Amino acid sequence: MSERIQAPRGTSDVLPEDWPARRSIEAVAQRILEDAGYRRIETPTFEATELFARGVGESTDIVQKEMYTFQDAGGRSQTLRPEGTAPVARAYLEHGMHKAPQPVKLWYLSSFFRQEKPQAGRFRQFWQIGAEAIGSADPAVDAELILLLNAILEEIGVREIQLRISSLGTPAARVEYRDHLQQHLRAHADELSGEVRARIDLNPLRAFDSDHPGTQRVMASAPRLLDHLDADDAAHFAEVRALLDAAGIPYEIDTTLVRGMDYYTRTVFEFVSGALGAQSAVGGGGRYDGLIEMIGGPPTPGNGWAAGIERMALAAEQRPPVPPVVDLFVASAPREDGNGHVEAFALATEARRAGLAVQQELAGRSLKGQLKQADRIGARFVAILGDEGIALKDMESGEQETVESAAAAVARALKGRHPG
Ligand code: AMP
């Protein structure tokens with residue numbers, strides 16, 4: 001036998017038993033977002049590498065070490081999308097959506113790819129539901145997006161949710177702050193982890209994310225960006241907070257909140273769940289007022305979030321699975337003319353055309369085995385095609401009657417169908 005081929009490390013199959021939970025997450029998100037005027041978008045699975053290099057940022061972990069990048073036959077560098085915001089921003093630009101009433105509100109449900117170290121809740125291909133509102137700088141957009149994700153997580157039943165928010169200000173305020181932070185890091189360089197020390201110039205903000213004890217001690221006394229905001233940014237953040245307060249949603253201001261993409265400006269936020277392990281972030285996002293310009297468009301404000309479907313499923317209460325409805329199982333008894341299976345097949349087809357959920361015998365079981373199978377899958381009726389015509393068995397009452405035609409069997413099964 002040849003060696004067995006397995007799924008790539010860090011990927012997982014979404015098996016039939018996983019779907020009821022996923023489907024309900026997807027349905028809740030779709031309803032809540034579409035009711036708020038968000039419309040679905042799907043962008044290509046891969047994009048020009050340049051989109052992420054410029055959009056997400058050269059110095060980010062995503063671009064530096066996590067992207068699946070390849071050359072296509074034309075020698076162009078392409079990358080499997082590691083996130084959804086840069087592609088949606090590209091689509092907004094490419095399709096002239098700035099001409100539509102603003103903000104343009106879009107949502108997506110797609111899979112993303114990052115070459116991260118796999119662990120519980122962290123995969124190399126994962127699914128996200130995301131929402132983006134492009135074209136308005138109004139703080140109401142920030143607050144609405146946060147409330148929508150909160151509503152989704154609550155309705156799904158994600159346990160122990162906590163919301164953390166902060167503001168990153170404008171790029172100019174950030175540059176100034178970066179200087180302060182670099183000075184602080186350099187002054188304590190010998191207490192930092194080697195990795196953080198090596199990245200003081202490139203990405204000092206990531207030091208807040210380190211789990212190295214020495215680095216954490218240094219960061220506890222580091223200057224905070226929130227204390228260095230411009231007046232406009234501070235007022236914007238105050239308004240977002242006032243709207244969240246008015247909506248009665250609890251949050252914590254987390255001055256150490258840094259996100260993995262360079263495009264963020266002003267509001268950033270993250271929902272974490274205490275029901276998850278080390279990878280506790282369920283979803284997050286924020287404002288990205290500079291992104292569209294970075295990828296070649298005019299200055300355009302934007303804001304959005306993404307939430308991981310696997311994490312939401314892990315953090316939600318388990319609900320008992322609802323078994324699929326089977327209105328009719330079509331069985332056939334051995335017949336003298338040997339044609340029972342052809343008629344059974346025709347009956348199944350006719351019943352499906354009439355709108356019934358139908359399964360039929362596909363594995364050559366004995367009649368007894370077929371009835372057992374019908375019972376196992378919870379069929380409401382079983383049609384048995386035998387020498388004496390068609391017998392229809394009501395699996396609830398156990399009663400069996402002979403019907404004169406396939407059409408009669410279908411009509412009877414339709415009448416006895418469970419409502420809903
Ligand atoms: P991000 O795009 O990094 O802001 O992540 C948004 C959300 O996507 C996170 O809060 C997670 O729920 C989910 N997520 C991000 N990366 C992964 C991953 N490697 N595996 C599973 N879920 C992920």
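**Terms and their grounds**

Modeller: Pro 103 is placed in the loop between helix H4 (85–94) and strand E5 (104–113). The model is a predicted one, in which local features need pLDDT of at least 70, side-chain atom pairs count only at pLDDT 80 or more, and totals for chains, interfaces and linings use all residues. Residues are numbered from 1 along each chain as its sequence is written, and side-chain values use heavy atoms, with hydrogens and water left out.

Colleague: What makes a run of residues a helix or a strand, and how many of them has the protein?

Modeller: Helices are DSSP runs of H or I with at least four residues, strands are runs of E with at least two, and both are numbered from the N terminus. The protein has 14 helices and 16 strands.

Colleague: Why is the protein called more spread out than a compact globule?

Modeller: The globule rule is 2.2 Å times the number of residues to the power 0.38, and the radius of gyration is taken over C-alpha atoms. For 420 residues the rule gives 22 Å, whereas the radius of gyration is 28 Å, well over that value, so the protein is more spread out than a compact globule. The C-alpha trace spans about 90 × 55 × 45 Å along its principal axes.

Colleague: Which domains are assigned, and how far apart do their C-alpha centres lie?

Modeller: The bounds come from an automatic or database domain assignment. This gives domain 1 (16–170 + 230–315) and domain 2 (326–417). The C-alpha centres of domain 1 and domain 2 lie 49 Å apart.

Colleague: What is the peptide bond from Gln 102 to Pro 103, and what is its omega?

Modeller: That bond is cis, with omega near -5°.

Colleague: What of Arg 266: buried or exposed?

Modeller: The relative accessible area of Arg 266 is 14%, so this residue is buried. Arg 266 is in strand E9 (residues 265–273), and its phi is near 50°, a positive value in a residue other than glycine. Of the 420 residues of the protein, 49% count as buried.

Notes:
Buried means under 20% relative accessible area, exposed over 50%, partly exposed in between (1.4 Å probe, protein chains only).
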